[in-house]
Amino acid sequence: MSLQESAPSLAVVGVTGAVGQEFLSVLSDRDFPYSSVKMLASKRSAGKRVAFDGREYTVEELTADSFEGVDIALFSTGGSISKEFGPRAAERGTIVVDNSSAFRMVDGVSLVIPEVNPEAMKGIKVGTGKGALIANPNCSTIICLMAVTPLHHHAKVKRMVVSTYQAASGAGAAAMEELVQQTREVLAGKPPTCNIFSQQYAFNLFSHNAPITENGYNEEEMKLVKETRKIWNDTEVKVTATCIRVPVMRAHAESVNLQFENPLDENTARELLRKAPGVYIIDDRASNTFPTPLDVSNKDDVAVGRIRRDVSQDGNFGLDIFVCGDQIRKGAALNAVQITEMLL
Ligand SMILES: NC(=O)c1ccc[n+]([C@@H]2O[C@H](COP(=O)([O-])OP(=O)(O)OC[C@H]3O[C@@H](n4cnc5c(N)ncnc54)[C@H](OP(=O)(O)O)[C@@H]3O)[C@@H](O)[C@H]2O)c1
């Protein structure tokens, strides 16, 4: 039991959503110490009951007064709600760890993957009475950089080309329901119901549903580009991405092509990945066994495989890898809870 009087008071904001529910499971799994916890969501959910740590809690409507006496708030409500309530909570002394893209690129807001750039927390601590905004990176960025950063530290990435295969869960609880419903409908010979996505998702795949920006990339792709630069504190690194939504229920996969400034051979890369925290290797060429979304679903660690020299580049300056990670867990809730642990 992690209920302790001297521990911080928590609020889980967006508790009824896919990430919100995962917050509860991660907090409980990691025995996170807390003195009290508020369960917050929209007006629609007020009064619903949620179970946490062997107790039942009533969901309350998120309002401007919700953060009175709250030390740490874990937000997963989407950008507009975060923008409305996050800064107000921080002004009142709450440390906000936000899962949306609202503050990620704002100067002065830490964008943190604890295994990659813990130094970005810049001494933010609970118990000082000072609030703060901390941003959780995009799920595809977290999963990619968990695997690539150990290689980057060794050989310095010059250019990175990422192709993603993103699961329904990345678009929230309603998108997961839509995939199940459409699968049933298509198998029954009925036209699929499209509410969350504009086109058929079951037995199909399509370019990520994020809006297309002026340069032709969609917002999800540009997050990989910009967030990598901020997290690595490297404005020079070249990143390009193509993000695709695939009909997988949970956990993202990413194919990553790397060009390095310094040589890095396959075996050294394997050694570096073997030692990297939060990463494990599935790379059995003999049996053609490599990472899959199912391998990492509900798991904390990111799996890496298909580790091979890029034959299109001279010498040992290029590598291809394939990465899978549970984006609700390491890509969202777990990463945020790890950040929160660093605050204690
Ligand atoms: N899913 C992922 O893998 C993932 C990964 C990284 C980041 N994120 C980000 O995390 C955020 C949430 O994602 P999700 O997948 O958990 O979405 P979701 O399943 O749709 O859940 C959204 C949550 O926000 C709440 N909410 C909506 N409007 C609200 C309002 N006006 N006031 C208070 N609460 C409100 C919802 O409450 P009701 O149930 O009451 O509507 C629900 O609890 C998004 O910014 C998303 O981009 C998601």
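Q: Hi! Which helix is S28 found in?
A: Hello! S28 is in helix α1, which covers residues 18-29. Keep in mind that this is a predicted model.

Q: Is S28 buried, exposed or partly exposed?
A: S28 counts as partly exposed, because its relative accessible area is 28%.

Q: And what separates the C-alpha atoms of S28 and L205?
A: A distance of 35 Å lies between those C-alpha atoms, and S28 and L205 are 177 residues apart along the chain.

Q: New topic: how many salt bridges are there?
A: The count comes to 18 salt bridges. As background, side chains of opposite charge can pair when their charged atoms come close.

Q: What does R329 form a salt bridge with?
A: The partner of R329 is E22, and their closest N and O atoms are 2.7 Å apart. R329 lies in helix α8 (residues 329-343) and E22 in helix α1, so this pair ties together parts that are 307 residues apart in sequence.

Q: Are R329 and E22 buried or exposed?
A: Both R329 and E22 are buried. They also belong to a network of salt bridges that links E22, D29, R250, D300, D326 and R329.

Q: What about R92, which residue does it form a salt bridge with?
A: R92 pairs with E68, with 2.3 Å between the closest N and O atoms. This pair links distant parts of the chain, 24 residues apart: R92 is in the loop between α2 and β7, and E68 is in the loop between β5 and β6.

Q: How accessible are R92 and E68?
A: R92 is partly exposed at 41% relative accessibility, while E68 is exposed, with a relative accessible area of 54%.

Q: And which residue meets R104 in a salt bridge?
A: That is E227, at 3.2 Å from N to O. R104 sits in the loop between β7 and β8, and E227 sits in helix α5 (residues 219-232), 123 residues apart. R104 is buried at 4%, and E227 is buried at 2% relative accessibility.

Q: Switching to cysteines, how many disulfides does the count come to?
A: The count is 0 disulfides.

Q: Last one: which residues form a positive surface patch?
A: K158, R159, R229 and K238 form it. K158 is in strand β10 (residues 157-166) and is partly exposed, with a relative accessible area of 42%.

Terms used. Residues numbered from 1 in each chain as written. Predicted model: local features only at pLDDT ≥ 70, side-chain atom pairs only at ≥ 80, totals over all residues. Heavy atoms only, no water. Patch = residues over 30% accessible without salt bridge, like charges linked within 9 Å, V, L, I, M, F, W, Y side chains within 5 Å. Areas by Shrake-Rupley, 256 points an atom, 1.4 Å probe, with all protein chains shown as cover. Salt bridge = Lys/Arg side-chain N within 4 Å of Asp/Glu carboxyl O. Lys, Arg positive; Asp, Glu negative; His and termini not counted. Charge placed at Lys NZ, Arg CZ, Asp CG, Glu CD. Helix = DSSP H or I, 4+ residues; strand = E, 2+ residues; numbered from the N terminus. Buried < 20%, exposed > 50% of the residue type's maximum accessible area, 1.4 Å probe, protein only. Disulfide = S-S within 2.5 Å.
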